[in-house]
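Look at the sequence and the structure first, then read on.

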Amino acid sequence: ETNFDGGRHSRRVEKIRNYEKCKRTEYCTNKKVERLNIVEHPLVKHKVSIIRDKNTTVKEFRELVQEIAGLMVYEITRNLPLEEVKVETPITETVAYSLAGKKMAIVPILRAGLGMVDGILQLIPNAKVGHVGLYRDPETLEPVEYYCKLPGDIGERDIFILDPMLATGGSAAAAIELVKRKGGKKITLVCLIAAPEGVEKVHSQHPDVDIYTAALDDHLNDHGYIVPGLGDAGDRLFGTR
Ligand code: PRP
Ligand code: URA
C-alpha cells in the first residue's frame, strides 16, 4: 500500500499508533489525531483489561462488554444539544435543561455489536435499534453483507454504529457505507478495541465519521487479528468457536 501513495498511508497509521503512546506527554496535543477519541476513564481501562484476559468466562465477558459500552455513553453523547426547560421543584420554579429533542439510533454490526446494545439502551432507552449483518471472510478479510434493517427515519437520527472490534476497518467502513446509502447522515462509530489500520481506513473512506474507542492497540497480525486485542469478540460473547 505504501507504494501507491508515496508512504502517506503508512505514515498516518504510524501517527495513529504513536497517538496512544504520546498522548500523556506534553507534546502530544500537536499529534492528536482528529476524529479519534479514546475513552480514558479508569473504570473503562480496568474492565477492558479483564475482557482481554483469555481466562475471562463467557458470562463475565458478556457482562463487561455491556458495562464498558454503557460507560462510553457519557463520552459519545457529550455534545448532544440541550434546551432550557421550566421545572417546578417542591421549593420553586427554575430553569433546567433537557435534551433538545434529538432522535438517536444505535446500529450494532452483527454479531459482536449486539453485545454492546443493552449497555447503551440502559442510558438511552428511547433510541431505535437498527441492525447490519456483516461477517469477515476468513480468507480475504473482506466484509460480506447479509442483513440490513434500519429505522425508517434514519436520516433524521444521530446514529451510533457499534462493533467491539475495529481491525482492518473493512466491516466498519462497509457498515457506514450501507447506513449512508439508506439515508444516514450523522454517524459515529463506537468500538472497544481499535487497530491503527482500521482507524485509518474508516477515516480515509468516511472523513465525516467520529470514532470512539476504549483502547487503541498496536497492530494487526497476519490473520487480521488485533494485537494484543482480545481474540474473536463474537466467539467470546456467544461461546462459539
Ligand atoms: C469481527 C468484528 C468486526 C470485524 C472486525 O466480526 O466483530 O465486525 O470482525 O474486523 P475488520 O475490521 O477487519 O472488518 P466477524 O467477522 O468475526 O463476525 P461476528 O461478529 O459474526 O463474529
Ligand atoms: N475480529 C475480532 O473479533 N477480533 C479481532 O482481533 C479482529 C477481528
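Arg111 lies in the loop between strand S4 (103–110) and helix H5 (114–121). Helices (H or I, at least four residues) and strands (E, at least two) are DSSP runs, numbered from the N terminus. This is a predicted model: local features need pLDDT of at least 70, side-chain atom pairs count only at pLDDT 80 or more, and totals for chains, interfaces and linings use all residues. Residues are numbered from 1 along each chain as its sequence is written, chains are lettered from A and ligands numbered from 1 in the order in which they are written, and side-chain values use heavy atoms, with hydrogens and water left out.

**Ligand 1**

- A polar side-chain atom of Arg111 lies 2.9 Å from an oxygen atom of ligand 1. This is a polar contact (a pair of N or O atoms within 3.5 Å).
- An N or O atom in the side chain of Arg136 is 2.7 Å from an oxygen atom of ligand 1. For the side chain of Asp163, the distance to a ligand 1 oxygen is 2.4 Å.
- Taken alone, ligand 1 exposes 500 Å², and the protein buries 90% of that. Accessible areas come from the Shrake-Rupley method with a 1.4 Å probe.
- Around ligand 1 stand 15 residues, each with a heavy atom within 4 Å of it. They divide into 6 nonpolar, 5 polar and 4 charged.

**Ligand 2**

- Ligand 2 is surrounded by Arg136, Met165, Ala167, Gly224, Tyr225, Ile226, Gly231, Asp232 and Ala233.
- Backbone N or O atoms of Ile226 and Ala233 each lie 2.8 Å from an oxygen atom of ligand 2. A backbone N or O atom of Gly231 lies 2.8 Å from a nitrogen atom of ligand 2.
- Alone, ligand 2 exposes 240 Å², of which the protein buries 88%.

**Pocket and annotation**

- Ligand 1 sits in the largest pocket, and ligand 2 sits in the largest pocket. To sit there, more than half of a molecule's atoms must lie within 2 Å of its grid points.
- A pocket is an open set of points on a 1 Å grid over the protein atoms alone, where a 1.4 Å probe fits, with protein on both sides within 12 Å along at least five of seven lines; lining residues have an atom within 4 Å of a point.
- The UniProt annotation "binding site" (unreviewed entry) covers residues including Arg111, Arg136, Asp163 and Asp232. The lining of the largest pocket includes Arg111, Arg136, Asp163 and Asp232 among them.

**Thr140**

- Thr140 lies in the loop between strand S6 (131–136) and strand S7 (143–149).
- Thr140 and Gly224 are 84 residues apart in sequence and 9.7 Å apart in space, C-alpha to C-alpha.

Note on methods: A polar contact is a pair of N or O atoms within 3.5 Å; within protein, one must be able to donate a hydrogen and the other to accept it, and residues adjacent in sequence count only if both atoms are side-chain atoms. UniProt positions are given in the numbering used here, feature names are shortened, and annotations may be inferred rather than shown by experiment. Ala, Val, Leu, Ile, Met, Phe, Trp, Tyr, Cys and Pro count as nonpolar, Asp, Glu, Lys and Arg as charged, and the others, Gly among them, as polar.
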